[in-house]
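Student: I'm new to this one. Could you walk me through it with a few questions and answers?

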Amino acid sequence: MNNDVAAGNTASTLGHLALGLTLLAFGLGGTGVIDNVAAADAAGLATWVGGVTLFLVGLLALRAGDKGEGTAYAALGAFWFTWGTGVGATGSADAAGLFLLLWALLALTLTMASAGSGLFGQGVYGLLFVALLLLGVGAVLDNGALGKAGGWVAAVAGVVAWYGATAAVAGWPTSLRRAASAPAAG
């Protein structure tokens, strides 16, 4: 592979697609809005798309010199792979909650590190932080309502990440423009 080939934009778009689809499936499963579908049903997608794909995209971004995207995608790939392969394992709700809360710290770090990157960078990571925080606290407190709220936030984060990647490929707008102000009457 040629080191001179820029993987940043391609890696970013593919990373946001993989993250978006994984978050959407995981989040919708967590909401209970679809009969007989739970977050655990997203384990295969989380392992391969969220885990392996994001990790590889992170490595490509790091190789291209993009420390921020590379770190984010490689770390998120590790999270999704670990979550996807661990679903259904015996463990306490407290352990699952602690796992989610520790990864929420990663999402918080990514949120702070992506300051200035706009809605599709910082927004996705901020929503992921809130989702993992709600899911983790919900698991520790055995509170299903917090878990469902976390599922909804994760689903919204998935839609935002998916839109950001789709917009990059399709040439759609990725920023909100301010309306021109009318001249003041004098």
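Student: In which hand does α3 pass α4?

Tutor: Keep in mind that this is a predicted model. The axes of α3 and α4, the latter covering residues 93-113, come within 11 Å. They cross at roughly 165°, which makes α3 roughly antiparallel to α4. As for its hand, the crossing of α3 past α4 is left-handed.

Student: How are α2 and α3 oriented to each other?

Tutor: Start with the axes: α2 (residues 43-63) and α3 (residues 67-86) have theirs 7 Å apart. The packing angle is about 155°. Angles over 145 degrees count as roughly antiparallel, so α2 and α3 are roughly antiparallel to each other.

Student: And how many residues of the contact of α2 with α3 are nonpolar?

Tutor: The crossing of α2 and α3 is left-handed. Residues in their contact include nine polar and two charged ones. The nonpolar group numbers 14.

Student: What distance separates the end C-alpha atoms of α6?

Tutor: Helix α6 takes in residues 144-170, which is 27 residues. At 1.5 Å a residue, α6 should span 39 Å. The model agrees with this, as the end C-alpha atoms are 38 Å apart.

Student: Which residue caps the N-terminal end of α6?

Tutor: Just after α6, Gly171 has a positive phi of about 75°. At the N-terminal end, a side-chain oxygen lies 3.0 Å from the backbone nitrogen of Ala145. That oxygen belongs to the capping residue, Asn143.

Student: Which residues do ring pairs link into a cluster?

Tutor: A search of the whole structure turns up eight aromatic pairs. Ring pairs join these residues into a cluster: Phe26, Phe79, Trp80, Trp83, Phe99 and Trp103.

Methods
Residues numbered from 1 in each chain as written. Predicted model: local features only at pLDDT ≥ 70, side-chain atom pairs only at ≥ 80, totals over all residues. Heavy atoms only, no water. Phe/Tyr/Trp six-rings, centres within 6.5 Å; stacked < 30°, edge-to-face > 60°. Axes fitted to C-alpha atoms, helices over the stretch in contact; angles between N-to-C directions. Helix = DSSP H or I, 4+ residues; strand = E, 2+ residues; numbered from the N terminus. Parallel < 35°, antiparallel > 145°, perpendicular 65-115°, else oblique. Left-handed = near helix turned anticlockwise from the far one by under 90°. Nonpolar A, V, L, I, M, F, W, Y, C, P; charged D, E, K, R; others polar. Expected span 1.5 Å × (residues − 1). Polar contact = N/O pair within 3.5 Å; in protein donor to acceptor, adjacent residues only side chain to side chain.
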